[in-house]
Amino acid sequence: MPFKAPLTHSELRAIRERQPWNADVLALLWEVKRLRSVLLRMHQVSCDLKRPAGLMGDIYDELLAGLAVEPCVVEMDQMTAELLESPAKLRKGMAPR
């Protein structure tokens with residue numbers, strides 16, 4: 001049986017806002033946050049990892065392909081791209097890039 005679609009940050013926040021009093025929900029959300037941070041760290045070092053040979057190479061490729069579409073990785077890449085974009089309106093004293 002396949003997994004359900006992964007939850008985005010906004011969907012996780014909505015769950016928290018619906019049940020702020022439920023200690024079990026909060027504990028699970030903290031665990032989700034911890035696991036998302038593991039995925040983000042894996043994504044950060046993935047470019048330095050060496051692809052193994054043989055069958056493990058296929059597993060490695062599948063792992064990196066799945067990692068690239070994880071919501072936390074996509075959201076972090078989008079946020080990074082937004083921060084690196086030049087501002088819509090230059091502030092006084094700023095030269096265009």
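User: Which element gives the most to the lining of the largest pocket?
Analyst: That element is α2, with 8 residues in the lining of the largest pocket. The model is a predicted one, in which local features need pLDDT of at least 70 and side-chain atom pairs count only at pLDDT 80 or more, while totals for chains, interfaces and linings use all residues. Residues are numbered from 1 along each chain as its sequence is written, and side-chain values use heavy atoms, with hydrogens and water left out.

User: What is the volume of the largest pocket?
Analyst: The largest pocket has a volume of about 500 Å³. A pocket here is an open set of points on a 1 Å grid over the protein atoms alone where a 1.4 Å probe fits, with protein on both sides within 12 Å along at least five of seven lines; lining residues have an atom within 4 Å of a point. The volume is the space filled by probe spheres set on those points, joined across faces, edges and corners.

User: And which residues are the closest to its centre?
Analyst: They are H9, L12, R13, K33 and R36, out of 16 residues that line the largest pocket. Two or more lining residues come from each of α1 (9-18), α2 (23-45) and α4 (71-84). These helices are DSSP runs of H or I with at least four residues, numbered from the N terminus.

User: How many of the lining residues are nonpolar, polar or charged?
Analyst: The lining of the largest pocket holds 9 nonpolar, 2 polar and 5 charged residues. Ala, Val, Leu, Ile, Met, Phe, Trp, Tyr, Cys and Pro count as nonpolar, Asp, Glu, Lys and Arg as charged, and the others, Gly among them, as polar.

User: R36, then: buried or exposed?
Analyst: R36 counts as buried because its relative accessibility is 14%; buried means under 20% relative accessible area, exposed over 50% and partly exposed in between, with a 1.4 Å probe and protein chains only. R36 is found in helix α2.

User: What is R36 in contact with?
Analyst: Apart from its neighbours within four places in sequence, R36 is in contact (heavy atoms within 4.5 Å) with L7, T8, H9, L12, C72 and E75. The side chains of R36 and E75 are also joined by a polar contact of 2.9 Å. That term covers a pair of N or O atoms within 3.5 Å; within protein, one must be able to donate a hydrogen and the other to accept it, and residues adjacent in sequence count only if both atoms are side-chain atoms.

User: What about the second largest pocket; what is its volume?
Analyst: The second largest pocket has a volume of about 400 Å³. Of its 13 lining residues, K4, A5, P6, L7 and E70 are the closest to the centre. Both α2 and α4 supply at least two residues of this lining, and α2 gives the most, with 4 residues. By class, the lining of the second largest pocket has 10 nonpolar, no polar and 3 charged residues.

User: Where is A5?
Analyst: A5 is in the segment before α1, and A5 is exposed because its relative accessibility is 64%. The C-alpha atoms of A5 and E70 are 9.7 Å apart, although 65 residues separate the two along the chain.

User: Moving to the whole chain, how many helices and strands are there?
Analyst: The protein chain has 4 helices and 0 strands. Its C-alpha trace spans about 55 × 50 × 20 Å along the principal axes, and buried residues make up 12% of the 97 residues.
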